[in-house]
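Please keep the viewer open and follow each stop in turn.

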Amino acid sequence: MRAALLAGAVALLAVIAGCGPPGGPSGGPSGGPPGGTGDGAGRSPGAGPVPETGALPPVVDHVPTRDKVVFLTYDDGAERDPRFIDLVREHRLPVSLFLTDTVAGPGYAHFARLRSVGASLQNHTLDHPALRGLPYAGQRAEICGQQRKLTSRFGVRPRLFRPPYGTYDTTTLRAAADCGIAAVVLWRVALEPDGHLTYSHGPHHLEPGDIISVPSGEAPTLSLAERTTRVLGKLGERGLKVGKLEDYVGRISPSAVPGEHRSPVSPSGGIPSGGV
C-alpha cells in the first residue's frame, strides 16, 4: 500500500513538472531570458511582442553636459558630397551618420570612406517608415534589419538609433532594445537646406549638449560641405566644438517609463525637416 502511494506521488510530481515553461525556469529557449537581444530564434511564428526584460533605451534630443560641445548628426544618406569627406578629415569631426538602407545602400562605399576618416554609422531603419503605431514585428524588422545590414557591410553593430520623422512609441523602444540599441537619438536643432538653424524648443541659439540634425534636403541651396562649414562657423562664435555623441549618450540613464513622441511641427505646420 505504501509503495502504491509513493508511486502515485511520483507520477503527480511528474505531471506538475510537465506544466512548467519549456527550456528552463526563465521561460526562454535553453533556459535563457524570454526576450533577449537576438533575432527571436526559438519563438513560434506569429508570436507577439517579446516581454520587456530590462530597462529600455533612453530617448535624447539634448545631452546634459557642461562640456562646450554639440553633436552633428546626418540623416538618411542621400547626399554624397565628396567635399564633405575632406571636411570631416581636415577638421577631425566625429559626426554621426544615421543611415537608411534604401537611401544609402547604393552608395555604401561613400560611407565606408567617411567611416575611415572618423564618422560613425548608426541606424535609421531599412525603409524609413513612420514607426509610431506599427506592430512590434514590423518595427523590429525595420530596426534589426538595418542593424544586420550595417554590421555585415562595416563589421560594427550600431548602438544608436534615430526613428524616421522623430516619431516613436513604447513599442519602438522595446524593439530597439531587442535589436541591441543603447539610445534613441532625436534632436533640438535642425540645419536647414539653406544653411540656417531652426530650434524645436528652448533657446534659439546653440547650447552645450545640443544635438543638431542635418537632413537630406530636397535640392538644397548649399552643398553638405557648405552647410557644415557654415554651422562650424556658428560653433566657433559661441566657443563650441563638435563632440562624439556615442561618448556622451552612454552616460545617460535608461528610460524608466518611456512615453510616446512626435516631433514638434515646423512653422509651416508639417513634420520638421530635421531627422526625416
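Begin by selecting helix H2 (residues 82-91) and helix H4 (residues 108-116), which pack at an angle of about 15° with their axes 9 Å apart. Helices here are DSSP runs of H or I with at least four residues, strands are runs of E with at least two, and both are numbered from the N terminus. Axes are lines fitted to C-alpha atoms, for helices over the stretch in contact, and angles run from 0 to 180 degrees between N-to-C directions. H2 and H4 are therefore roughly parallel to each other, a term for angles under 35 degrees.

The model is a predicted one, in which local features need pLDDT of at least 70, side-chain atom pairs count only at pLDDT 80 or more, and totals for chains, interfaces and linings use all residues. Residues are numbered from 1 along each chain as its sequence is written, and side-chain values use heavy atoms, with hydrogens and water left out.

Next, display the side chains between H2 and H4. The contact (heavy atoms within 4.5 Å) involves Pro 82, Phe 84, Ile 85 and Val 88 on H2, and His 110, Arg 113 and Leu 114 on H4. Five residues of this contact are nonpolar, one is polar and one is charged.

Now centre on His 110, within helix H4. His 110 counts as buried, at 6% relative accessibility; buried means under 20% relative accessible area, with a 1.4 Å probe and protein chains only. Beyond its neighbours within four places in sequence, His 110 contacts Glu 79, Arg 80, Asp 81, Pro 82 and Ile 85. A distance drawn between the C-alpha atoms of His 110 and Asp 81 gives 8.9 Å, although the two are 29 residues apart along the chain.

Then select Phe 111. Among the residues with the most contacts inside the largest nonpolar core, which has 33 residues, are Phe 111, Phe 84 and Leu 97. Such a core is a set of buried Ala, Val, Leu, Ile, Met, Phe, Trp, Tyr and Cys residues joined through side-chain atoms within 4.5 Å. Not counting residues up to four places away in sequence, Phe 111 touches Gly 77, Arg 80, Leu 97, Leu 99, Ala 104, Leu 121 and Phe 154.

The last stops concern backbone geometry. Most residues other than glycine have a negative phi. Asp 76, in strand S2 (residues 69-76), has a positive phi of about 80° and is buried, with a relative accessible area of 7%. Finally, select His 128 in the loop between strand S4 (120-123) and helix H5 (136-154): its phi is near 65°, a positive value, and His 128 counts as buried at 14% relative accessibility.

How values were computed: Angles under 35 degrees count as roughly parallel, over 145 as roughly antiparallel, 65 to 115 as roughly perpendicular and the rest as oblique. Ala, Val, Leu, Ile, Met, Phe, Trp, Tyr, Cys and Pro count as nonpolar, Asp, Glu, Lys and Arg as charged, and the others, Gly among them, as polar. Buried means under 20% relative accessible area, exposed over 50%, partly exposed in between (1.4 Å probe, protein chains only).
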